[in-house]
Amino acid sequence: YLTLPSMHAAEAVEILSEAIFHSTFDGEELAREKEVILEEMKRSDDSPSHALGRKIFETIYAGTPAAQPIIGYEKNIEAFSREDVQRFHKKWYQPTNMKLIGVGNVKAPQLMKHVETHFGAAANSARFTEANIQVKFPKELSVHVVEGDYEQARIEISFPAPSLMDEDMLALDMAAFALGSGESARLHRKIRDEKQLTSVVGCSMFAPKFGGVIELSAMPRDETYLECIKALGEELFRLKFVEGVTQEELDRARANAKADRIYSEETVSGQARSIGNALQTPHELLFDYVIEAKMNRLTPYDINAAVSRWL
């Protein structure tokens, strides 16, 4: 992507097309970049949250491409040749496989002429359909202990969650917010502030098209580790069986989601990213409006029914 003054929109299209279709992948530069990536991998191995995240994805998405680390494996990266990268680039970087988005003080007809000039004449040899990932979620509890020379311990409790377009997705996302996002969330008040078992605690949901993950996380002191796990379990129990998400918590979650959307679209790059994400969904440019309409219709009953189904 490029972010630059509107008067240079034509040059931006030309620069992007040059990078996308005519990159040379200089051998020496490629070797240096491989070293950078391998160094990033080593740094991430020093992070307990990264180590646990990989273990969660390996478990929940077992048997699918989603179980593999996004950055890849060290032995693969070391083995990549310039020819491998060129072959991959030629196969996937096709105009039929792209969405080009322009945001800013530009005239659409003029911009489209530049896009046609620089992208329309490019090789258009293949259209790739998205892989249909079928996730078989685990049916029983599994516990994994990842040991390492880490400065602080970390806990992750994870459950399979709905996919992006599932009717339960928004409901469970609101529940995750009530449980562990923001200073007034339950986990912050009960486990961090009242019981003082951890300095960091939260709950979030990841919802791609093929099935999601909801995660509770904490970074307790060594002496409060088991007590913190117990407290997280008690809060999950309370959410499902004792005190479901209240109207006040739902209103707060809804207001926060709307504020996040407004904030993310205050910049041209944020607007472009929002449009790009929307275009990957069946609703295309209407995606944000559909999501907001569904969110406005949610009731505490809807959310607590979704919690019962998924947790």
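This briefing walks through the fold, helix packing, cysteines and a few loop residues of the structure above.

The model is predicted, so local features need pLDDT of at least 70 and side-chain atom pairs count only at pLDDT 80 or more, while totals for chains, interfaces and linings use all residues. Residues are numbered from 1 along each chain as its sequence is written, and side-chain values use heavy atoms, with hydrogens and water left out. The protein chain has 13 helices and three strands; helices (H or I, at least four residues) and strands (E, at least two) are DSSP runs, numbered from the N terminus.

**The chain as a whole**

- Taken along the principal axes, the C-alpha atoms of the protein chain fill a box of roughly 60 × 45 × 35 Å.
- Of the 311 residues in the protein chain, 33% are buried; buried means under 20% relative accessible area, exposed means over 50%, and partly exposed lies in between (1.4 Å probe, protein chains only).
- The protein chain has an accessible surface of about 19600 Å², and carbon and sulfur atoms hold 54% of that area; the areas come from the Shrake-Rupley method with a 1.4 Å probe, and for residues only the protein chains shown count as cover.
- Among contacts in the protein chain with a separation of 6 or more, 76% join residues 24 or more positions apart; contact means heavy atoms within 4.5 Å.

**Helix 7 and its two partners**

- Two packed helices are described by the angle between their axes and the distance between the axes.
- Here, axes are lines fitted to C-alpha atoms, for helices over the stretch in contact, and angles run from 0 to 180 degrees between N-to-C directions.
- Helix 7 (residues 169-180) and helix 8 (residues 186-194) have axes that come within 4 Å and cross at roughly 30°.
- Helix 7 and helix 8 are therefore roughly parallel to each other; angles under 35 degrees count as roughly parallel, over 145 as roughly antiparallel, 65 to 115 as roughly perpendicular and the rest as oblique.
- On the helix 7 side this contact uses A178, L179 and G180, and on the helix 8 side R186, L187 and H188.
- The residues in the contact of helix 7 with helix 8 are three nonpolar, two polar and one charged; Ala, Val, Leu, Ile, Met, Phe, Trp, Tyr, Cys and Pro count as nonpolar, Asp, Glu, Lys and Arg as charged, and the others, Gly among them, as polar.
- Helix 7 also packs with helix 13 (residues 300-310), at an angle of about 95° and with the axes 8 Å apart.
- That angle makes helix 7 roughly perpendicular to helix 13.
- A171, L172, M174 and A175 of helix 7 meet D302, I303, A306, V307 and W310 of helix 13.
- By class, the contact of helix 7 with helix 13 has eight nonpolar, no polar and one charged residues.

**Cysteines**

- Searching the whole structure finds zero disulfides; a disulfide is a pair of cysteine sulfur atoms within 2.5 Å.
- For C203, the closest cysteine sulfur is in C228, 13 Å away, which is too far for a bond.
- C203 counts as buried at 4% relative accessibility, and C228 is buried too, with a relative accessible area of 0%.

**Two loop residues with positive phi**

- Most residues other than glycine have a negative phi.
- F25 has a positive phi near 50°, and it sits in the loop between helix 1 (9-22) and helix 2 (27-45).
- At 23% relative accessibility, F25 is partly exposed.
- E284 has a positive phi near 50° and lies in the loop between helix 11 (268-278) and helix 12 (287-297).
- E284 counts as partly exposed, at 45% relative accessibility.

**Other places to look**

- In helix 11, the buried residues are G270, S274, G276 and A278, and their cover includes helix 10 (247-264) and helix 12.
- A207 is in the loop between strand 2 (198-206) and strand 3 (212-220).
- Leaving aside neighbours within four places in sequence, A207 is in contact with P162, S163, L164, M169 and G212.
- I71 is in the loop between helix 3 (48-60) and helix 4 (74-79), and at 39% relative accessibility I71 is partly exposed.
- Beyond its neighbours within four places in sequence, I71 is in contact with I37, E40, M41 and I77.
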